[in-house]
Amino acid sequence: MPELKRLHVSHVPAVLAFELANRAYFAASVSDRGDDFFARFTDRFNSLLAEQEAGICAFYVLVAEDSSVLGRFNLVDIEDHTAELGYRVAQHVAGRGVATATVREVCRLAAAQHRLRTLRAATAHQNVASQKVLTKAEFVPVGPADPAHIGGAAGTWYQRDLVVQPYSANLPGDRLREDRGHR
């Protein structure tokens, strides 16, 4: 079963393989990262780890049982309990609910571990798959996105307000009361 893991230096080879294997697939819906991205991949990866260590961003990878990367899920520009969500999944798992399920899990982690209250995500109008993922994950459209922010294409910002559950909400007795009502 795939596992969502916090980005770590040990993920370098698998993340690079994921990006290279899916480059053309990604370029069909978002702007290509360019040859320089791949030529300087290790430097860029180390910069991401430094941003994560500084608390500016949080990066996750969805790792398959064979240690290959199935997807990347990023919380960037963390500030004032808000962050921007970015994600991409491998072509061979697209359309199977992997992105939606993992975005939902990242929303849970964003609230519980990073104490975020709001997530935003921008997607181009032609990226219907991403719009479906966001809608299924309870994001709502909140306005136009600057084309410069999404590779020059017209698009929309989506937003989801997160709820940080109090610790007691996770207790089994509380769950029973929710399901059966209070006595």
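Student: Leaving aside its neighbours within four places in sequence, with which residues is Val89 in contact?

Tutor: In this predicted model, Val89 belongs to strand S4. Once the neighbours within four places in sequence are set aside, the residues in contact with Val89 are Phe18, Tyr25, Phe26, Leu70, Gly71, Phe73, Ala94, Val98 and Ala99.

Student: What separation is found between the C-alpha atoms of Val89 and Phe73?

Tutor: Phe73 is one of the residues in contact with Val89. The two stand 16 residues apart along the chain, and their C-alpha atoms are separated by 8.6 Å.

Student: Is Val89 buried or exposed?

Tutor: A residue counts as buried when its relative accessible area is under 20%. The relative accessible area of Val89 is 10%, and therefore Val89 is buried.

Student: Which residues lie nearest the centre of the largest pocket?

Tutor: The largest pocket has a volume of about 1,300 Å³, and its lining comprises 21 nonpolar, twelve polar and ten charged residues. Strand S4 (82-89) and helix H2 (23-27) are among the elements that each supply at least two residues of that lining. Of the 43 lining residues, those nearest the centre are Val30, Gly86, Tyr87, Arg88 and Asn127.

Student: Which element gives the most to the lining of the largest cavity?

Tutor: The largest cavity holds about 60 Å³ of space, and the residues that line it include Glu19, Arg23, Phe26, Ala27, Val30 and Arg88. By class, this lining divides into four nonpolar, one polar and five charged residues. With three residues, the element that gives the most to the lining is H2.

Note on methods: Residues numbered from 1 in each chain as written. Predicted model: local features only at pLDDT ≥ 70, side-chain atom pairs only at ≥ 80, totals over all residues. Heavy atoms only, no water. 1 Å grid on protein atoms, 1.4 Å probe; cavity = no way out; pocket = protein on both sides within 12 Å on 5 of 7 lines; lining within 4 Å. Points joined across faces, edges and corners; volume = space filled by probe spheres on them. Helix = DSSP H or I, 4+ residues; strand = E, 2+ residues; numbered from the N terminus. Nonpolar A, V, L, I, M, F, W, Y, C, P; charged D, E, K, R; others polar. Buried < 20%, exposed > 50% of the residue type's maximum accessible area, 1.4 Å probe, protein only. Contact = heavy atoms within 4.5 Å.
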